[in-house]
Structure formats: structure tokens, C-alpha cells
Amino acid sequence: MEIKKGIAVSPGIAIARPLVIDSEEYRIPRRSIMPSEKPSEVRRVRQAFKSATDELTGLEQAQHIEEGQIKDIFAVHLRFLRDRSLRKKITDMISSELLTAEYAVSTVLRDIADHFTKVIDTYISERAADIYDIEKRLLKHLLGKKREDVEHLNKEVVIVAHELSPTQTAGFDKEFIKGFATEAGGRTSHTAIVARSLGIPAVVAIEDLTSSIRPGQTVIIDGNKGVVVIEPDEATIKQYEQLKRDFIILEHKLDGIRKLDAVTRDGVHIDLFGNIEFPDEAKLILEKGGKGIGLYRTEFLYLYSGTEPTEDDHYQAYVEVIKTMKGLPVVIRTLDLGADKYTQSKRFVKETNPYLGLRSIRFCLQNIMMFKTQLRAILRASVLGDVRIMFPLITNLQELRQAKMILRDVMEDLAEDGIKYNPNMPIGIMIETPSAALTSAILARDSDFFSIGTNDLVQYTLAVDRGNELVSTMYSAGDPAVLMLLKNVILDAHKAKISLSVCGEMASEPEFVMLLIGMGVRNMSIAPSMIPEIKQVIRSVTVESCNSIARKVLTMDSRRQVTNYLRDAAINVLPEVF
Ligand code: PEP
Ligand code: MG
């Protein structure tokens, strides 16, 4: 039995056999197989060689590829792939050392490449690049099969990987995928956010995870404590099965309060909204007792479909959401593409620093046709309910005014076409950069509402990548620098008399809820699955006690002091949640 610690990102407990998803991008870890699996691994190698050879033969014969250097390269690669001794070396390694096909392919080919690099003759040493190419091609075929397996599962598994993209995670079949654990990632990475919205237990940032897992083992994923147990003994399995039952009972108990208001013990109402990525999540907000949608991350529509959505694709998605919400507020955030949210890499110029690059509203302002397509759909849908629009990652007034000008252009086009829209649709912005937080008094004059995106605000304030496990301990919404910015924004929104909400993950964390209330926040938008728990926290506190917590915390000078204090305060109020 081995216990590994990571970051808990989505609550719940899963116990199942692991399915490891490797990636060509990362070194394949050494992983053993059972003796009974030898024949199937050898078969996989044979099949990968065959597929790679067929693929290269097709390319070599393709009409559009001219005679010359490229054809010669293909011929060299084909000679390697047809070399029986190479394949034998790989299958011998599988049979004698009981290792996976991927590991054997990668190790044998890298050994050969190493020998090549050491040869003084540059013609030969440069051939190492060809060997790496062949390795990648073979791995693509080996791993491609695994990816198909993920899409056609027929038994329950937990997914284990170095890294998963938000889109990959969004495609998980919940019926069979009971949880996941990765080596990369952080609490507010979009993969973690998708895990919470799917409601599957997940743990990220676990060192050397994929190399520690053997097929056929049992794996426990504890998304409450951030722990992964590999090959647990009988007593541990029993203990976790009990914890799983307790967790389900607690969830049912919390669901019992869904019809009750989110009101503090001294009678102050807090508006609790839900964040969604996909239209079908809207009903979950109602089931869990939320009062509307505070953040609809519309870029998932874009990422999921593989092609650029048409105006009608946008419109249909918004109609579905608005109809489900039956008159409750729906805040539609315009496309927040870029950073960790793009799969259509061919459409974008590769950036060295994507979080500081052409992301979000900046991307929309440079792709006006795409932006206008979405704005038209939002405006058309605006007559169907209480629809509000929100621009992400605003960093200055000029950007906001530009976005509003484009919105007005689209309104004029619709008016000319005789299409109805709501001319008074509220226009808000996300405060998620230090520049926006520091100039919130200026931005408030041109905004109908603010929503604080703490996920990005923490990342940009502390210069800590929200998805990078190497610096995840430095990522905290409790940092005094973040709290000073929050204080400023809340004050400016109150002065300008515009509504303010917090829609970052900070509001989903029970220990921060009391602080936010004490700082004057009365509106929060959180993962739908977290609504009952946060409602319970709200119903257990008084505003007076929250005010005193905030007063105390705002005098503290370190992140650790703040988080320890808030945790103790939350445990006092709600021991069963912790
Ligand atoms: C945020 O940054 O806090 C936010 C809510 O937006 P996203 O997580 O989609 O970047
Ligand atoms: Mg954000």
C-alpha cells in the first residue's frame, strides 16, 4: 500500500482500477505489467509498428509530396520500422522485464538515439532526431488506442495521468470514470473546475504518480483530503468505503436545505448563484437551491465542439440555459479563450507566455467577427429572460469601452434587421487583474456590475500560475495582497452603487465565505455542487461575527496566519463539513 498526497480539487471518494493515460509530450514512466499481460503488450507493439509503417508508406506514396529530401526521410524511417531486430529488442524487454509497451518502445528508441548523438560524425549524430520522430509516431499509435479506450469504457475506472486538459476532462463518461488524479494542476485550474462541475472526485499535483501505478491494482481517490492510496489493504478499503457512505449521507443531508434561503442567523440574505460550463448544468443549480447563474463560461461551447460555433450554436445554447432558469438571472460571460483554454491550437499563434498573452477579451477585440457572432446571439437571447452580459479579463477602461462600442454596433445591426433585443441588458465586467482591482473606481463608472474572478486575480497578483503544481503552495486567496485588492474593489462597487459578486473558487471554499461576508460581499457565484455546503455555512453564522473575523484578518501580515485563523473559525462554526 502506498499513500500519496496532492491537492484536493473535487470532493468525494472513488475506489476502482486505474486507467493510466500517458502523453507523447512527457517521458513515459517505467511501469510493470502482470506476466499474463505479456502477450497483449507484445501484440500492441506489433500493431503500433504496423500502423506506423502503413501511415509512412501512405505518406511516401502521396502525390503531393515531391521526390527529394522528405521522401528520403520517410524511406529512412520505414527502414527502421521494418527492422525486425528493433522490434525484437522491444518485445524482449516487455517479456523479460515485464514492462509496458509504451515504456519499452520509448526506452529502446531513446537508447539508440543516445548512441547516435555520441557519434562524432555529424551526419550520423543528426539521425538521432529521426529516431525521436519514430518514437513519437509509435507512441502516438500506442496511446491513441488508449484514448479510444477512454471513450468506450465498459467498466468503472479511475483515470491517472500526468496532465489532463479541460476539454479531455469534459468528455469523461461519468458512468464509468469515477475519479481522476494527475501529477500536474492546481485547485483553480480549469481541469479542476470541470471536475467539480461533473461532480467526480479529483486530486491533482501528486509527485511521481503515473510511475507508481501498476495495472490491476486498486486505487482510492480521496477528493476530500487530497489523497491517493495505491493498492490499499483490506482494512483501508473498508475504511474508505465507510467514508464514501458518510460523504453521500452528508451530501443528502445538505441537499435537504436546498429550499431554504441563504440567510445568516441575524437575518441578512446572501444571493447564491451557480457557475456553469455547459448548458445542461443549469438544472443542477436549481436542484441544489441556487438563485440563478452568476457565471456562464461560454468558451466551453467553443472548445467542446472542435469547430467554431455558429451564431445559431451560441443562440441555442443560451436559449436552453435561459429557459431552464425560468426568469432567474443568467450572467453570460463572453468568450474567455486563451491561456489553458484552447484546444484548437492551429487557430492560434503559439505564445511563450499564454496567460499574459492574447487571451480573453483581448482575443475577442482582435477577432471582431467571432466576437460579434457571439454578441448577436446573446442579444437575440436577451429578450427571453433576465440576461446579463459580462466581459472577462478587463484590464483598463479603454478595453471596456471598445467592447461596449462593438456591442452597440451589433445592437444597431439587429435593429436594422428588425430583430428584437433588450437595449437595457446590464453590462458587467470581471475584476481579475490587479490593474482592474486598483482602478475599480474608474471602471465602475462604465459598468453595471462587477464580478470578482479570484482565480485569475490571485494568479496575477501573486505571479503564481494557477495550474502549476510546482508553485501551488504559494497560490492563496488569503494572501494579504489579494485581500487588499478585494477590499478596494468591494468599497468602490459600494460607493458607485453597482452590484458586486465573487465568482472565483474562493467563494466555494467554506473557510473564505465568512471573510467575504465580513468584507461586505452579499452575492456569490460558485460551483453548483457546492451550493448546499456554502448555504449551510451562511445559515450558521452572523454578519456581526463575520465582520469581526474580517476586521481581524485584514490586520494580519501573512497568508499562513490568515488561512490558519479562517480554518479554525470555520471548524468552530461547522465541524461536520471539515
Ligand atoms: C476567475 O478567474 O476567477 C474566473 C471565475 O474565471 P475563470 O476561472 O474561468 O478564469
Ligand atoms: Mg478568469
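## Overall fold

The protein has 23 helices and 16 strands, and the model that shows them is a predicted one. With 578 residues, the protein has a radius of gyration of 26 Å, close to the 25 Å that the globule rule gives, so it is as compact as a globular protein of that length.

## The surroundings of ligand 1

Around ligand 1 there are 17 residues, and the closest of these are R297, R333, G453, N455 and R466. Sorted by class, this shell holds 8 charged, 5 polar and 4 nonpolar residues.

Several side chains place polar atoms beside oxygen atoms of the ligand. In R333, a side-chain N or O atom is 2.8 Å from an oxygen atom of ligand 1, while H190 has a polar side-chain atom that lies 3.0 Å from a ligand oxygen, and a polar side-chain atom of D456 also lies 3.0 Å from an oxygen atom of ligand 1.

## Burial and the elements of the shell

How much of ligand 1 does the protein bury? Taken alone, ligand 1 exposes 280 Å², and the protein buries 100% of that area. The space that ligand 1 takes up is the largest cavity.

Note on methods:
Residues are numbered from 1 along each chain as its sequence is written. Chains are lettered from A and ligands numbered from 1 in the order in which they are written. This is a predicted model: local features need pLDDT of at least 70, side-chain atom pairs count only at pLDDT 80 or more; totals for chains, interfaces and linings use all residues. Side-chain values use heavy atoms; hydrogens and water are left out. A residue is near a molecule or strand if one of its heavy atoms lies within 4 Å of it. A polar contact is a pair of N or O atoms within 3.5 Å; within protein, one must be able to donate a hydrogen and the other to accept it, and residues adjacent in sequence count only if both atoms are side-chain atoms. Accessible areas come from the Shrake-Rupley method with a 1.4 Å probe; for residues, only the protein chains shown count as cover. On a 1 Å grid over the protein atoms alone, a cavity is a set of points where a 1.4 Å probe fits but cannot get out, and a pocket is an open set with protein on both sides within 12 Å along at least five of seven lines; lining residues have an atom within 4 Å of a point. A molecule sits in a cavity or pocket if more than half of its atoms lie within 2 Å of its grid points. Ala, Val, Leu, Ile, Met, Phe, Trp, Tyr, Cys and Pro count as nonpolar, Asp, Glu, Lys and Arg as charged, and the others, Gly among them, as polar. Helices (H or I, at least four residues) and strands (E, at least two) are DSSP runs, numbered from the N terminus. The radius of gyration is taken over C-alpha atoms; the globule rule is 2.2 Å times the number of residues to the power 0.38.
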